[in-house]
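Please read it alongside the sequence and the model.

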Amino acid sequence: MTIKEAQDAVDKWIKQYGVRYFSELTNMACLTEEVARTYGDQSFKKGEKPNLGEEMADVLWVLICLANQTGIDLTEELQKSFNKKTQRDAERHKNNPKLSTEQGKDKQ
């Protein structure tokens, strides 16, 4: 599924099952909530087990909702981000001693 297809699928689902999008503020809170169970103080719901992949998919869902609500084409914006990072960081990370191969091994 492409990002555009994902945005269209979420929009269709919202219109069919979700009544309407949550407000942008509520969706921002949802983003935080999805991460809080795994890395914060929030507990899992009864019967719920940690599943980082599912939490990441939930984060992506909410991000797509926010993009749809605000008229953002995520495919276009992601490409712009790649272009910006490639131009800005072409040598920066290679020359960062904190990211050297030897130091990176220490953190694994």
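The points below are grouped by topic.

The model is predicted: local features need pLDDT of at least 70, side-chain atom pairs count only at pLDDT 80 or more, and totals for chains, interfaces and linings use all residues. Residues are numbered from 1 along each chain as its sequence is written, and side-chain values use heavy atoms, with hydrogens and water left out.

**Aromatic pairs**

- A pair of aromatic rings is described by the distance of the centres and the angle of the planes.
- Rings of Phe, Tyr and Trp (its six-membered ring) pair if their centres lie within 6.5 Å; planes under 30 degrees apart count as stacked, over 60 as edge-to-face and the rest as tilted.
- The count by this rule is two aromatic pairs.
- Trp-13 and Tyr-17 form a tilted pair, because their ring centres are 5.6 Å apart and their planes stand at 40°.
- Both Trp-13 and Tyr-17 sit in helix 1 (residues 3–18), four residues apart, or about one turn of the helix; helices are DSSP runs of H or I with at least four residues, numbered from the N terminus.
- Trp-13 is partly exposed at 39% relative accessible area, while Tyr-17 is exposed at 52% (buried means under 20%, exposed over 50%, partly exposed in between, with a 1.4 Å probe and protein chains only).
- Trp-13 and Trp-61 have ring centres 5.3 Å apart and planes at 85°, so this pair is edge-to-face.
- That pair links distant parts of the chain, with Trp-13 in helix 1 and Trp-61 in helix 3 (residues 52–70), 48 residues apart.
- Trp-61 is partly exposed, with a relative accessible area of 32%.
- Through these ring pairs, Trp-13, Tyr-17 and Trp-61 are linked into a cluster.

**Nonpolar patch**

- Val-35, Tyr-39, Leu-52 and Met-56 make a nonpolar surface patch of about 420 Å².
- Patch residues have over 30% relative accessible area and no salt bridge, and nonpolar side chains (Val, Leu, Ile, Met, Phe, Trp, Tyr) are joined within 5 Å, like charges within 9 Å.
- A salt bridge is a side-chain nitrogen of Lys or Arg within 4 Å of a carboxyl oxygen of Asp or Glu; accessible areas come from the Shrake-Rupley method with a 1.4 Å probe.
- Helix 2 (24–39) and helix 3 each supply at least two residues of the patch.
- Val-35 lies in helix 2 and is partly exposed, at 41% relative accessible area.

**Cysteines**

- The whole structure contains zero disulfides (pairs of cysteine sulfur atoms within 2.5 Å).
- The sulfur of Cys-30 has its closest cysteine sulfur in Cys-65, 8.6 Å away, which is too far for a bond.
- Cys-65 is buried, with a relative accessible area of 4%.
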